[in-house]
Amino acid sequence: MTFEGSKNVVVGISEIYKRIDSVISRHNPQCSKCGNCCDFESFGHKLYVSTPEVIYFRRHFKGPYRKMTRQICPYLENGKCAVHNCRFAGCRIFFCKADAKWQNELSEQIIKELKLLCEQNEIPWQYVELQAALEAAIAEKEF
Ligand code: SF4
Ligand code: SF4
């Protein structure tokens, strides 16, 4: 992908995240910010991330990638998200106490938008668990 293409993806993701955050603020879901859902194994949760989100994350995250050795997000620090501004779509949409219907609808809509962003910028669509995406980022290869 060209630098211009990568820039377009970063701008596109930024817009998608703003749309997500705007929908979320309308629903105003309750969240105690306990961080339990970032401990995937104990919460029974999985986080999938897509190609353009990882490009955006790579651009914004300053510092070495963290290996995910257990089924806990490595960016969970003392119960808080250390990458809050560049957290993934799945992190932004999931709220354990909110109605699953609008969350599922929003997820489906956002996946369509993420796929479209890939098509427009001629990048391959991939949607993998966070662990696989981080391993690929550490190895500096496409995931
Ligand atoms: S969504 Fe639920 S589990 Fe996750 S941080 Fe909020 S209250 Fe905690
Ligand atoms: S990126 Fe942040 S919000 Fe998302 S799973 Fe990791 S710690 Fe939780």
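1. Where does ligand 2 sit? Ligand 2 sits in the largest pocket of this predicted model. A pocket is an open set of points, on a 1 Å grid over the protein atoms alone, where a 1.4 Å probe fits, with protein on both sides within 12 Å along at least five of seven lines; a molecule sits in one if more than half of its atoms lie within 2 Å of its grid points.

2. Around ligand 2 are Cys-38, Phe-40, Leu-47, Cys-73, Tyr-75, Leu-76, Cys-81, Val-83 and Cys-91, each with a heavy atom within 4 Å of the ligand. This shell has 9 nonpolar, no polar and no charged residues. Ala, Val, Leu, Ile, Met, Phe, Trp, Tyr, Cys and Pro count as nonpolar, Asp, Glu, Lys and Arg as charged, and the others, Gly among them, as polar.

3. Ligand 1 also sits in the largest pocket. Its surroundings include Cys-31, Cys-34, Cys-37 and Cys-96, together with Lys-33 and Lys-97. By class, the shell of ligand 1 divides into 6 nonpolar, 3 polar and 2 charged residues.

4. Helices α3 (residues 51–60) and α5 (residues 100–121) have axes that come within 8 Å and cross at roughly 75 degrees; α3 is therefore roughly perpendicular to α5, a term covering angles of 65 to 115 degrees. Thr-51, Pro-52 and Glu-53 of α3 meet Leu-114, Leu-117 and Cys-118 of α5, contact being heavy atoms within 4.5 Å. The contact comprises 4 nonpolar, 1 polar and 1 charged residues.

5. On conventions, residues are numbered from 1 along each chain, and chains are lettered from A and ligands numbered from 1 as written. Local features need pLDDT of at least 70, side-chain atom pairs count only at pLDDT 80 or more, totals for chains, interfaces and linings use all residues, and side-chain values use heavy atoms, without hydrogens and water.

Methods. Axes are lines fitted to C-alpha atoms, for helices over the stretch in contact, and angles run from 0 to 180 degrees between N-to-C directions. Helices (H or I, at least four residues) and strands (E, at least two) are DSSP runs, numbered from the N terminus. Angles under 35 degrees count as roughly parallel, over 145 as roughly antiparallel, 65 to 115 as roughly perpendicular and the rest as oblique. On a 1 Å grid over the protein atoms alone, a cavity is a set of points where a 1.4 Å probe fits but cannot get out, and a pocket is an open set with protein on both sides within 12 Å along at least five of seven lines; lining residues have an atom within 4 Å of a point.
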